[in-house]
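Let's walk through this structure together, one region at a time.

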Amino acid sequence: MKFSVVIPVFNGENCIAESMYSVLNQTYGDVELIVVNDGSSDRTHEIISGIVAENSARGIIYRNMPNGGPAKARNVGLEAATGDYVCFLDAD
């Protein structure tokens, strides 16, 4: 059974790394991480990109989009999800 965890984020430079690592450090093996940056104007994009690069073998899905609001960001993540179950995790 595969779980997709979608993290929509907007200006979350102070919390996105901790949120991403909370998913990446799970002991359950079949977890897909999808991060959707909703047009952040802070360092969120750089932080996410660094974590994605450091964990390239994990296959993190990253979508960087213009600001469209939390519902649109969740829907973008949902469209990318391939798991049997989808969970949403707020970045903060």
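Predicted model: local features only at pLDDT ≥ 70, side-chain atom pairs only at ≥ 80, totals over all residues.

Start at Gly68, which sits in the loop between β3 (61-65) and α3. Helices (H or I, at least four residues) and strands (E, at least two) are DSSP runs, numbered from the N terminus. At 39% relative accessibility, Gly68 counts as partly exposed; buried means under 20% relative accessible area, exposed over 50%, and partly exposed in between, with a 1.4 Å probe and protein chains only.

Residues are numbered from 1 along each chain as its sequence is written, and side-chain values use heavy atoms, with hydrogens and water left out.

Now turn to strand β1 (residues 3-9). Why is β1 described as largely enclosed by the rest of the structure? The reason is that 6 of the 7 residues of β1 are buried. The chain crosses from β1 through α1 to β2, and this β-α-β crossover is right-handed: with the strands pointing away from the viewer, the path from the first strand over the helix to the second runs clockwise. β1 and β2 pair in the parallel sense over 7 bridges, where two strands pair if DSSP finds at least two bridges between them. Within this pairing, Ser4 has Glu32 of β2 as its bridge partner. β1 also pairs in the parallel sense with strand β4 (residues 85-88), over 4 bridges, and there Val5 stands opposite Cys87.

In the loop between β1 and α1 you will find Asn11. Its phi is near 50 degrees, a positive value in a residue other than glycine. At 32% relative accessibility, Asn11 counts as partly exposed.

How many salt bridges does the model hold? The count comes to 2, taking a salt bridge as a side-chain nitrogen of Lys or Arg within 4 Å of a carboxyl oxygen of Asp or Glu. In one of them, Lys2 joins Glu32, and the closest N and O atoms are 3.7 Å apart. Lys2 lies in the segment before β1 and Glu32 in strand β2, so the pair ties together parts that are 30 residues apart in sequence. Lys2 counts as partly exposed at 24% relative accessibility, while Glu32, at 9%, counts as buried.

A salt bridge also forms between the side chains of Asp90 and Arg74 (3.2 Å, N to O). This pair links distant parts of the chain, with Asp90 in the segment after β4 and Arg74 in helix α3 (residues 70-80), 16 residues apart. Both partners count as partly exposed, Asp90 at 42% relative accessibility and Arg74 at 27%. Although 71 residues separate Ser19 and Asp90 in sequence, their C-alpha atoms are 8.0 Å apart in space. Ser19 counts as buried, at 9% relative accessibility.

On a 1 Å grid over the protein atoms alone, a cavity is a set of points where a 1.4 Å probe fits but cannot get out, and a pocket is an open set with protein on both sides within 12 Å along at least five of seven lines; lining residues have an atom within 4 Å of a point. Grid points are joined across faces, edges and corners, and a volume is the space filled by probe spheres set on the points.

The structure holds 1 cavity of 30 Å³ or more, and the largest cavity has a volume of about 40 Å³. Its lining is made up of Val23, Leu24, Val31, Leu33, Arg58, Gly59 and Ile60. The largest pocket has a volume of about 150 Å³. Of its 13 lining residues, Pro8, Val9, Phe10, Pro70 and Ala91 lie nearest its centre, and α3 gives the largest share of the lining, 3 residues.
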